[in-house]
Structures are given as structure tokens and as C-alpha cells.
Amino acid sequence: MCGIFGCISKDVKVAPVIRAALKRLEYRGYDSVGVATLHEGGIHIKKDQGKIDEVHRLYNLDDLPGNVGIGHTRWATHGAPYQANAHPHIDCLGEIAVVHNGIIENFSELKAELESSGHKFRSKTDTEVIPHLIEDNLKKGLGLVEATLEALKRLRGSYAIAVISSREPDKIVCARMESPLVLGLGENAVYCASDIPAFLPLTNRAVVIENGELVILRADGYEIRSIEDWKQIIREPEIIEWTAEMAEKQGYPHFMLKEIHEQPRCLTNTLRLQDQYLDLMATFLDRAGEVFLVAAGTSYHACLAASYMFSELAYLATHPVIASEFIEQEGMAVNINSTILAVSQSGETADTLSAVDYARNRAATILGLTNVVGSTLTRISRVYIIQQSGPEIGVAATKTFTSQLSVLAQLALRVAKIRGKVGHKQIEEIEEKIRRIPEIVEETIRENEDRAKKIARKYKDKPVFFFLGRGISTATAMEGRLKLMEITYIPSIAYPAGESKHGPISLIEPGFPVVFVCPMDETRKMIIGNIMEMKARGAMILSVIEKGDEEIKKLSDDYFEVPGNLPKVLTPIAFVVPLQLMAYYIAVEKGLNPDKPRNLAKSVTVK
Ligand code: M6R
């Protein structure tokens, strides 16, 4: 998730406007920053790694000349955050500059093709193929708009782009496929941006650009066209009533709620990961003597779920280990044949890094799954995968958890394929469901949000909660419990349901809320038994069930329903969502700020 911005003005120097707008988009990423402007027949660029203020201090971004320009604040997805990878990117002749937010899936093929026809690339980014494609089209005699249009038709993946060219300094061409893009219409200038806060202090007249649209911005207006059939689209601006703070959260009251709602899009991003890295990692996992899945907090719950996935699909035994316990628990067993798959959204969690460091010193192979390009975990891993969730601001991990699960499920499937343990039909069924998971999660949010609000009102004063699941749902139950506990401060416990009668059941008394995670897998009959045990002791049953599971519905005081009929290994991705919503709305009911729970930090960099 990066931030892009473009500005074309009748009479104002745009560089300071662009810098200020990028500052307001910095929440979308701050690995590097860059600005390009058009002036006197040339493109002028300043860019480097670092946050906007740092780069501005070094280069004075404001003194770029000209009334037309584009800018970018980067959340690295392809290529480490150093200067050459910072946007804008240019063509061979330096006549075209492009900023981009999104992922070009087929960039490797396009890059190979362009290089073989003589194009010289300066960066490791996927974005750089775009100016080179446009350059080729300009050479064929097309104008900037048509050249951009033809380039877009070659791209697979997601993008919001803004393009300028010294050949046609009277315009900015921008376009959208999945990544957000919105126009702002000021008195003397027109803007394009990833998000409304970028231009909100300048104008509150906005036009939201839809997927598959290209826009030509001129200083006095805009023209929207369909990329597919070039039909003109007439769309009037709307007046935005948000405050700047509301706009940054896209109208949501908290980042956590925004991030819960972002999950379908993040899950779609996980379906676009580069095959070669997934395959390479799967090969390492397949060949490992033993595999340790090492992580903390929510990421540990992803590892716990993954251990069921690897076992079920790939017949691969893995050991999920809490990072801070790793050295004590497994230390002496780690050797050259061990493989550590470290999972950390930040890539900076001290407990995880210290476990990894220890394992490296014992010659183990380190694999990493993280959300942050350039994080320490990426630097010390033999192979790493970036989960592409965009920055997560809420301290409680939500979208990064479900994305981790999606990546881990894909890895398990690939190991399964290498090992030939699972039939083609089952693999195809699971692959089909993985492709559908973004829409299933979207539906889950839509169908459960109001219910979560009602349940939050009903349960908010309960002094304690119990979360139970069986099989892979144990991980879902543990994550539901962590979400509730960390943002509502309600003490909660979670167990594999079968363990509850070995001690924890003694807590139960009338009115005690017990949350059951109950997908329709082979654990369901046993879970019903556990529900009966709890009911018999007066517990209030709050269940997360498969849509249409009337039997458990009748046994429950309250329930959330999850659609999609998911295979067991994918259930945590959707079943955790109502529990995220419930935790969020209970925190709100209690008057707490879910984004900033007390005593916690987003990235725990101390041991
Ligand atoms: O950045 P990481 O994934 O390594 O972070 C691990 C934990 O600190 C993190 O998941 C923490 O438990 C969150 N507050 C959970 O919501």
C-alpha cells in the first residue's frame, strides 16, 4: 500500500503542495518518497529512501519547479526501500515519469521482454515496466493518453498510477485497477490521489475513480474514460464532509475497524504473490529435517493454524513455537537440518528475531513471512515472502493475521503438491476456495457486523470469557481471545475444547460466556458434546457457526454465521472475523480506544 498524488495547476508551483499531500498520505507507507515535476520541457525528480521529512531535509523537495507534478510515498512491495527503487520511475529517455500503488503481477515477463528489446531498467520494482511500455507506445507515434492506455492493457494485477510526460506538459494521465484513486477539484488546480486526506485541506470536492477507468487531468478539469471500450464516463464531484482525521481512516472511527474491512482486499493481494518465492519456500519446507514455526502473539496463532494445514495437506509435521520460548524449548534440538519459518507482520519483533538469530548460529535455514519489506526479518532470511497487507496501524493485528493464514495455506498446498500426498481434486477444491476467500470474508463482515454490535451491548459487562475450539479452530479460538483481551481488558482464556474438562471447566457457573468456534468439520460432533457440557453448568453459549448449522444455532444463546462452506484448513480466515468485530465493538461499548490499548506497542522490539 503506497500513496500517490498528482497536481496540475494553472499558476501555482506544485512541489510544496505535493510534499504536503504526501505527508498526509504517509500513513500508507514511508519507506521512501519521491516527487517529479514538469518544467521548461524537462522532468525534474527528487527521491530517496526515508520518511518525507527526512528526504525533504536533505533535498528540499519544495524547490522543484513547475505547475505539474506527481509524488509518491512508498510501502515497499518489490525491491528494498533504497533510492533507485523509490518512485517516480522513468523511461529510458527520461521523458515519462510514473508513480504507482499496487502490484503488477506479470512484471517479470514484461521486464524480460522490454530488456530484450533494449530497455534499460534502473530499479528492482514492478512499477518500472510501466514507463518503458509507455515509451514504446510513444515511439510508435501514439500520444501520451493512448500510449498509457495501451500500456495498461498489458498489465495484470492492481494499480493506481499517475503519469506525466515532458512531451505533453498540459496533462496528468491517471488510472485505476483495484488500488484506490480519487480526484480533488480545487479552484486553480486539479489533484489525483490514493486517498481523500491528501487534498482535503485544499478542496472538499472529490470524484471517486472506479476500477478500469483512465482519467485525463488538465488544469481546468478532468475527463474519465473506460479502459475497456474508451466510452466517456460523466461523474459529478461529491462534497466530502469529513474532517482530516476522519478522512485518514476513510470515514471509519478507528483504524482497527478500517483494517477489519480491508481484509478482502488484503486477501486478494495474497493471491498475487510471486510463484517463484512460494515454490522456493515450499521446496525448503519439503526438504527440511524438521520445521519450527516461530512467532509471537497473533502471528503465533497463524503458526498454530499453519501446523494443522501442513499436517492435513502436506503430511508435514511442523512445530509451532512461541518465539520467546523457542531457545529454552527447542534450542538444543536445532541443527543444520532444521528449518525455521519465522512469521512476524512487522519483521522486527525482538523475541522472534532472537529465536531466529539463535537458530542461524546453529546453521538452521531461516525462512520469513512478514509484511514489511526491508525489515530485519527480510534481511536475515534465506527466503522471505511479503504478505502485501499494507501498513497496519491498529495495535491489534487483524488484516495481517488473515493474510498470514492465506499465505501459509498456499504454502501448505504447494508442499502438498511436491509431495503428491493429496489428490488433484481436493487440491483444486481448496485452490478454488482460496480464490473465493476475499468475497467470503467480505460477506462475513457484511452479515455479522450488526450482530456484533448487538452482542457487544449484551456481553460488554461480562467479567470473563472462555474461548473453545477443536482442531484448527483452536487457533481461531486463541486469536479471538487475544483480540478481546488486548483491546477490552476483559480477562479471557482459550483452550482446545477437549482440554476444558481437564481443569478449566471448574470456572463455569451460570451466565459464564463461552465462545465456541464450530465449523462443519469432523470435530463438530465433539464440539456439540462440549457445548452440552457447558450448557449443563449454566454457561451462556456464543457460537461462530457455519451458515445454516441449525443444530448448533439452537444450542446457542447467540451466534455468528460464516458463509462459504470452507474446507477445514481455510476456516480460521473467515471464522476469526466475527470475533475481531465482537472485540472491536465491545471495546467501543466500554468507551475504550481499540487502536491504542494500554501498555502495548505495535511492534515489540524489546525482549
Ligand atoms: O509484528 P509481529 O507479528 O511479530 O507481532 C507479534 C505480536 O507482538 C503481535 O501479534 C501482538 O500480539 C498484537 N498486539 C496482536 O494483536
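Which residue in β15 does A206 stand opposite?

Analyst: This is a predicted model. In it, A206 stands opposite E238 in β15. Strand β15 covers residues 238-239. Two bridges join β15 to β11, and the two strands run antiparallel.

G184 stands opposite A206 in β11. The strands concerned are β9, residues 182-185, and β11, residues 205-208. They pair in the antiparallel sense too, over three bridges. So much for the strands.

Now the helices. Helix α1 spans residues 15-24 and helix α2 spans residues 52-59. Their axes come within 10 Å and cross at roughly 155 degrees. An angle over 145 degrees counts as roughly antiparallel. The two helices, α1 and α2, are therefore roughly antiparallel to each other. On the α1 side, the contact uses R19, L22 and K23. On the α2 side, I52, D53 and H56 meet them. By class, the residues of this contact divide into two nonpolar, one polar and three charged.

Last, the cysteines. A disulfide here needs two cysteine sulfur atoms within 2.5 Å. By that rule the count is zero. C2 is in no disulfide, and its nearest cysteine sulfur, that of C266, is 13 Å away. C266 is likewise in no disulfide, with the sulfur of C2 as its nearest at 13 Å. C2 is buried, at a relative accessible area of 6%. C266 counts as buried as well, at 4% relative accessibility.

How values were computed. Residues are numbered from 1 along each chain as its sequence is written. This is a predicted model: local features need pLDDT of at least 70, side-chain atom pairs count only at pLDDT 80 or more; totals for chains, interfaces and linings use all residues. Side-chain values use heavy atoms; hydrogens and water are left out. Axes are lines fitted to C-alpha atoms, for helices over the stretch in contact, and angles run from 0 to 180 degrees between N-to-C directions. Helices (H or I, at least four residues) and strands (E, at least two) are DSSP runs, numbered from the N terminus. Angles under 35 degrees count as roughly parallel, over 145 as roughly antiparallel, 65 to 115 as roughly perpendicular and the rest as oblique. Contact means heavy atoms within 4.5 Å. Ala, Val, Leu, Ile, Met, Phe, Trp, Tyr, Cys and Pro count as nonpolar, Asp, Glu, Lys and Arg as charged, and the others, Gly among them, as polar. Two strands pair if DSSP finds at least two bridges between them. Buried means under 20% relative accessible area, exposed over 50%, partly exposed in between (1.4 Å probe, protein chains only).
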